[in-house]
Amino acid sequence: MTKKVTITDLAARAKVSVTTVSQILNGKAARFSSKTVEKVKQLQQEMGYVPDFNAQSLIRKSGRTIGVLVPNINNPFFSQFLRGIEAEAIKQDYVPLIFGSNNSEEQETHYLFESVRRAADGMIIASAVSDINYIDNILNQNGIPYILIDQAPVVKGDRVEANNQKGGQLLADYLIKKGHTKVVVVGAEKPTLNLQERLQGFADVYQKNGTPITDDQIITTEMTKKGGYAATAAVLAMKPTAIFAINDEVAIGLYRGIEEAGLKIPDDISIVGYDDIDLSAYIFPKLTTVHQPAFEMGSSAAQLIIKRIEDHKEPLQQVSLPVSLIDRDSVRSIG
């Protein structure tokens, strides 16, 4: 096996001290001549030297890592969210450790313990952890600050959220104006906080309209394309004029089920989603939905957790981002 290149090897080849190499590679190159800096960096590339992470962590007393826990990496919303975290983390010289819990409480707990074990400096939690008080205790006992994203439970702490109640209200207003009072909601079997708020906003508007949403108008399923597809038969049996799919993934699954049933969107049935994932603008007809600023939620979360890591006395941080209705082609007006 080839021997790993060390900082001592690099210093010897460059004919400078180990301290000089260390300072040049750690952003203090201004102290040295351009000739020395260029020589060290060129040799680093030639020799394939990579600084030892554990050694750097001991020196800095920080691994400059952020644990990130999301419920479903496959959902395009979380892909955008993670891109936002990565963009901000890279800018501030942090590395995100990304874990997908696959909506499993067991995996959530495992990955939280792994983040502690691997000495994450902070945590971004976008998954609906089963016992936030237990998690709060684990992270606090180990001096690890964390930030919650709108899907996670409410506790006193740093938080980034989008206005889900407003998003539900926007969709309800839109459907009512289009003449749709006989609607079915396809929601989650175990709704997280953001989904509860989304549904509450939607139901409040229908209640005020004098056409309340009853329990039998809410069909539950997995929050995936597969879940939406599986719910199609139950939805169509209700004979609604419109469907509110609690997220775009579910809506896309319903698209397939509706087509297989020989019906057309929006001629035979209208549908709206939530999230504005990239696919919603490419399916046919294009999906009317609510835009959530997923990338901005990720970058805001990274900014807030890095602030908290670097100053534990920072005042409580709360960011609420706006949502907007994206009017496309999946809803028709009825008399």
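I looked up the spacing of the domains first: the centres of domain 2 and domain 3, taken over C-alpha atoms, are 29 Å apart. The bounds, which come from an automatic or database domain assignment, are 7–51 for domain 1, 60–161 + 294–321 for domain 2 and 164–292 for domain 3.

I note that this is a predicted model, in which local features need pLDDT of at least 70 and side-chain atom pairs count only at pLDDT 80 or more, while totals for chains, interfaces and linings use all residues. Residues are numbered from 1 along each chain as its sequence is written, and side-chain values use heavy atoms, with hydrogens and water left out.

I then turned to the strands (DSSP runs of E, at least two residues; helices are H or I, at least four). Strands β6 (residues 183–188) and β7 run parallel and are joined by four bridges, where pairing requires at least two DSSP bridges. Val185 has Ile218 of β7 as its bridge partner. Between β6 and β7 the chain passes through helix α9 (residues 193–208), in a right-handed β-α-β crossover, that is, clockwise from the first strand over the helix to the second with the strands pointing away from the viewer.

Last, I checked helix α12 (residues 248–260), whose 13 residues span 19 Å from first C-alpha to last, close to the 18 Å expected at 1.5 Å a residue, counting one less than the number of residues. I found 10 of its 13 residues buried (under 20% relative accessible area; exposed is over 50%, partly exposed in between, with a 1.4 Å probe and protein chains only), among them Tyr255 and Ile258. Just after α12, Gly262 has a positive phi of about 80 degrees.
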